Amino acid sequence: MAHVTRRGVLAGIGLSIPAMTMMTACGGGKKPGGAGSSSELSAWILTGAKEKVFQDSFDRWNEKNPDDKFTTQSFANDAYKEKIRTAVGAGNAPTLILTWGGGTMKDYAANGDIIDLTGKVDGIAGRTIESIMQVAAVDGKQYGVPNNDTQPVFLYYNKDLFEQNKVTPPTTWTELMAAVETFKGAGIIPIALAGSSVWPELMWIEYLADRIGGEGVFQKIEANEKDAWSDPAITSSLEKIVELVDAGAFGDGFGSVTADSGADCALVHTGKAAMLLQGSWNYGTFKQDAPDFVSGGKLGYLTFPTVDGGTGDPANIVGNPNNYWSVSAKADEAVQTKAIEYLNDYNLDDTMVADLVAAGVIPSNTGVEDELAASDDADYLTSAYTMVQNAPHFQLSWDQALESSQSQQLLDSLSQVFLGQLDPAGFVTAMNATIK
Amino acid sequence: MMSTAAHRDEQQAPAAAAPDRRSARSSGRRRAAGPSDLLLLPALAFFGVFAVVPLIGVVVLSFTEWDGLGTPSFAGLDAWTAVLSDPVTWNAIKLTFLLTIVTYLVQFPLSLLLGTFMAGHQKYRELLSVLYFLPLLFSAAAIGIVFKALLDPNFGVGRALQIPFLQQNFLGDPKLAFWTVVLVISWSFVPFHSLLYQAGVRQIPATMYEAATLDGAGRIRQFFAITLPQLKYTIVTSSTLMIVGSLTYFDLVFILTAGGPGNATRILPLDMYLSGFRSNQMGQASVIAVILVVVGLTVSLALNRLSGADSMESQMEGA
């Protein structure tokens, strides 16, 4: 038993490399699940609220193109991120490669794993928001197109708890700290935080750094400027985080809360926690897990509070501008052409937009105000859509924007700050060491 | 392949020159046993493809820089110095050894006593044995997910039953998480080792106990004077499996905590995985893999030597 485990682990790292090289060398025989073949259309999609929207879109294509069907396979978010990279590295990727834009997509582009789509995707470019499209451009070349919804991060809150405790929704940092105090006194977790998943902790430093120092702070980090993490805005953001943790804002048990299972949302809709800083996709989770809570108008949402003396634009948002489809360079040319045809004619078309709106998420298309206004979630969707359109800057999540070794160090160090194991100065030193 | 050729040479040697006693005897035995070299081939091929080749691959990769895309580039000792100067690595090594020692101290007495009990003839023994056996039927992934849900301080079993003790932040508190992992690992592996001990105890001849009873030895005395010495080799086997196995725990810990909170449960195998597949630093992950292989082989070799397993002989009466 023990030996099997050890071999399994070793094999994971060692064996996969020669094995995959062999598979690639053998050439694209059809494998179960569809990926790996260069002569057939395939796509990997993510599980969750939008899985069906993707699937329906491919089904509609398959109906019209019986000779060039897409095979699809679904993966959970975290598992997908690891699997796709191995597959791309081994030349074994599906035709359509889903990314978050940012560092990973740049890596793929630099290695020639995905093709330049400039001038080939005008169909889809014509119906999506320009700034969102831009996220998938590297050095003026378009390497991907948006494929689902835009995902800003909000401060969600439980309206009942706010009313019962006579708290008004906080718009400044001081008000937020006062609200934390009140809820803590009432025995309610002031802010739910999925600390076990770590990445939700990033949203705090992303917003704080932006509010305090503006979007330029992270742009310097992204550009790998020497000692970019030493920016005073980073240190004071971390101090604010420590202030929150010390005030008991996240409760004692945040290290046990996971985001993938929706436990952070559950804390809010079961009335155990008052607020939650999370991405817009969580509206879908709330709708799915607590339909009465949402339809009863108990779920509130706010933009992140302003910080006194901060120089950032309070209309700036962070999150994931979108997910993107890129086309694998390993696919045959005819297959690439078909995939591009899908992107132009089916991806984010009217039907898909309607499906996304029905799922409670914000499509990245231009001019969908009427669809949003007619939906069940008109208030939420319209205000979120307006917020995205009016945002002077939409910052991609830092862990997606940075190179993976840097973002892993960022997640490690940040989680230690939240646990009180690392002070802001230690964080800055650790992060500056990742700059090349 | 190499070793087969070497054996061939050895076989021809006696005819050509004056053979030494050892090779003459071994070649004579081989000839009598038929075409044994060829029969080795399938096993050797599997071992080569699935163990030796990847191992060499990992050693080679440890001297490169590779992010999983494109081609690895030679980087000399960069990855080695990076890993060995990283406090996270040393913390991982410390945690790995601590986990090995603590899980051994918990599992060994428990499984020995349970195994001995299961081999007896007490009332309800069979029913209880079935219950003890249950954890062995679940996959590590399932155990991890279920324990994570049960131990959740907000929605877990503690909250459901209103028991304050069970509402602690078991997996989210850096001080508690390690011990929680120890408990879950022990829970899931004790049944397997109990089974080994049960089989071991059942093989001890009843006559020994009868003689001891006649001589007036009590149950406790019998356990220490007969059961324990007779189980010597079972103890060696089970201990080797526990210790070498715990150096490489991965799946259960990955699902329970993924190395967190902070680095509180980031043991070496997890450190390797996270470096390789989250940070995409295959060179550094390979260095950790090489360290793991060396540590694992050294420990299992040392255990073999210490326990004198190369001179295994039965102490059983009449055997």
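Start by selecting residues 404–418 and 424–432 of chain A, which are helices α20 and α21. Their axes come within 10 Å of each other and cross at roughly 175°. An angle over 145° counts as roughly antiparallel, and α20(A) and α21(A) are therefore roughly antiparallel to each other. What you have open is a predicted model.

Show side chains for the contact between these two helices. On the α20(A) side, pick Gln409(A), Leu410(A), Ser413(A) and Val417(A). Their counterparts in α21(A) are Phe427(A), Ala430(A) and Met431(A). Coloured by class, the contact of α20(A) with α21(A) shows five nonpolar residues, two polar and no charged.

**Val245(A)**

Next, select Val245(A), which sits in helix α11 of chain A, residues 232–246. Draw a distance from Val245(A) to Phe418(A): the two are 173 residues apart along the chain, and their C-alpha atoms are separated by 6.7 Å.

**Helices α2 and α16 of chain A**

Move to residues 51–64 and 350–358 of chain A, helices α2 and α16. The axes of this pair come within 10 Å and cross at roughly 160°. With that angle, α2(A) and α16(A) are therefore roughly antiparallel to each other. The crossing of α2(A) past α16(A) is right-handed.

Which residues of α2(A) meet α16(A)? Select Val53(A), Asp56(A), Ser57(A) and Arg60(A); across from this group are Thr351(A), Met352(A), Asp355(A) and Leu356(A) of α16(A). By class, the contact of α2(A) with α16(A) holds three nonpolar, two polar and three charged residues. The spacing of such positions can be read against helix geometry. An α-helix has 3.6 residues a turn, so residues three or four places apart point the same way.

**The two domains of chain A**

Now colour chain A by its domain assignment. Domain 1 is made of 37–148 and 322–366, and domain 2 of 151–319 and 396–432. The centres of the two domains, taken over C-alpha atoms, are 29 Å apart. Domain 1 of chain A puts 12 residues into the contact and domain 2 of chain A puts in 14. On the domain 1 side, the elements that give two or more residues are α3 (77–89) and α4 (102–110) of chain A. That side of domain 1 has six nonpolar, five polar and one charged residues.

Stay on α4(A). Seven of its nine residues are buried, so α4(A) is largely enclosed by the rest of the structure. To display the buried set, select Gly102(A), Gly103(A), Thr104(A), Met105(A), Asp107(A), Tyr108(A) and Ala109(A). Then step on to Gly112(A), which follows α4(A) and has a positive phi, near 70°.

**Chain B**

Chain B has 15 helices and two strands. Of its 319 residues, 32% are buried. Among contacts in chain B between residues at least 6 apart in sequence, 67% join residues at least 24 apart.

Met282(B) and Asp67(B) are 215 residues apart in sequence, while their C-alpha atoms are 5.9 Å apart. Beyond residues up to four places away in sequence, Met282(B) touches Leu61(B), Trp66(B), Asp67(B), Gly68(B) and Gly276(B). Is Met282(B) buried or exposed? Met282(B) counts as buried because 25 C-beta neighbours lie inside 10 Å.

**Where the chains meet**

Bring chain A back for the last stop. The contact between the chains takes 43 residues from chain B and 43 residues from chain A. On the chain B side, at least two residues each come from α3 (36–61), α9 (174–202), α12 (232–247), α14 (268–278) and α15 (282–306). Which helix gives the most to this side of chain B? Select α14(B), with seven residues. Coloured by class, the side of chain B that touches chain A shows 22 nonpolar, 17 polar and four charged residues.

Notes:
Residues numbered from 1 in each chain as written. Chains lettered and ligands numbered in written order. Predicted model: local features only at pLDDT ≥ 70, side-chain atom pairs only at ≥ 80, totals over all residues. Contact = placed C-beta atoms within 7 Å. Helix = DSSP H or I, 4+ residues; strand = E, 2+ residues; numbered from the N terminus. Nonpolar A, V, L, I, M, F, W, Y, C, P; charged D, E, K, R; others polar. Buried ≥ 20, exposed ≤ 12 C-beta atoms within 10 Å, placed from the backbone. Axes fitted to C-alpha atoms, helices over the stretch in contact; angles between N-to-C directions. Parallel < 35°, antiparallel > 145°, perpendicular 65-115°, else oblique. Left-handed = near helix turned anticlockwise from the far one by under 90°. Domains from an automatic or database assignment.
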